[in-house]
Amino acid sequence: MIKINPYLNFFGNAEEVFDFYQSIFGGEFASKMKFKDMPFEGQDKMSEESLNKIMHIALPIGNDILMGSDSLEERGHEHIEGNNFHITVNVDSKEEADRIYNLLSVGGNITLPIGDVPWGDYFAMFSDKFGIYWMISYTYPK
């Protein structure tokens with residue numbers, strides 16, 4: 001089954017924003033990971049302030065999950081109106097992830113090609129030919 005959720009990007013205040021949303025909607029964070037919590041190339045060149053920013057956060061709201069992260073200039077992220085959100089597509093198989101990625105990314109702009117990522121998912125980020133930002137994610141069974 002395919003599931004779609006909004007993914008929001010912030011310029012350094014994702015934790016404040018999500019604490020605010022949690023105070024309104026309640027619940028517990030399903031995930032709250034800072035850049036310092038996940039090893040990746042170039043991490044040793046980041047400032048301590050940036051390492052303490054949100055790499056990924058997820059707040060279940062009803063049957064959906066609101067997700068987000070901080071966009072960091074030192075990681076090459078450019079935070080502008082229009083790229084501050086993505087639609088995430090969570091799928092049940094790598095094959096379905098590949099199918100959607102291969103069709104939806106045609107004529108678009110690839111940010112991260114589909115493949116395995118450090119947090120253990122099969123994942124891609126891109127904008128489609130209409131300028132809409134997408135993330136495709138398959139989580140391997142545990």
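The exercises below, each with a worked solution, concern a predicted model.

**Exercise 1. Find which residues of helix α3 are buried, and state how they are arranged around the axis.**

Step 1. Helix α3 covers residues 94-104, and its buried residues are A97, I100 and Y101.

Step 2. These residues lie on the same side of α3, because the arc they cover around the axis is only 100 degrees.

Step 3. On the face turned away from that buried side, α3 carries the exposed residues E95 and L103.

**Exercise 2. Classify Y21 as buried, partly exposed or exposed, and list what Y21 touches.**

Step 1. Y21 lies in helix α1.

Step 2. The cut-off for buried is under 20% relative accessible area, and exposed means over 50%. Y21 has 22% relative accessibility and therefore counts as partly exposed.

Step 3. Not counting residues up to four places away in sequence, Y21 touches L8, G26, L59 and L66.

Step 4. Y21 and I61 are 40 residues apart along the chain, and their C-alpha atoms are separated by 9.6 Å.

Step 5. Helix α1 (residues 14-25) also holds I24. Together with F20 and F25, I24 makes a nonpolar surface patch of about 340 Å².

**Exercise 3. Describe the salt bridge between D64 and K3, and say which parts of the chain the pair links.**

Step 1. The side chains of D64 and K3 meet at 3.4 Å, N to O. The cut-off for a salt bridge is within 4 Å, so the pair qualifies.

Step 2. D64 is in strand β4 (residues 64-70) and K3 is in strand β1 (residues 3-10); at 61 residues apart, the pair links distant parts of the chain.

Step 3. D64 is partly exposed, with a relative accessible area of 41%, and K3 is also partly exposed, at 26%.

**Exercise 4. Trace the salt bridges that K32 forms with E15 and D19, and name the network they belong to.**

Step 1. In the salt bridge between E15 and K32, the closest N and O atoms are 2.9 Å apart. This pair links helix α1, where E15 lies, with strand β2 (residues 31-34), where K32 lies, across 17 residues.

Step 2. In the salt bridge between D19 and K32, the closest N and O atoms are 3.9 Å apart. D19 is in helix α1 and K32 in strand β2, 13 residues apart.

Step 3. The relative accessible areas are 25% for E15, 34% for D19 and 37% for K32, so each is partly exposed.

Step 4. E15, D19, K32 and K34 are linked in a network of salt bridges. The count of salt bridges in the model comes to five.

Methods. Residues numbered from 1 in each chain as written. Predicted model: local features only at pLDDT ≥ 70, side-chain atom pairs only at ≥ 80, totals over all residues. Heavy atoms only, no water. Buried < 20%, exposed > 50% of the residue type's maximum accessible area, 1.4 Å probe, protein only. Helix = DSSP H or I, 4+ residues; strand = E, 2+ residues; numbered from the N terminus. Arc of directions from axis to C-beta. Patch = residues over 30% accessible without salt bridge, like charges linked within 9 Å, V, L, I, M, F, W, Y side chains within 5 Å. Areas by Shrake-Rupley, 256 points an atom, 1.4 Å probe, with all protein chains shown as cover. Contact = heavy atoms within 4.5 Å.
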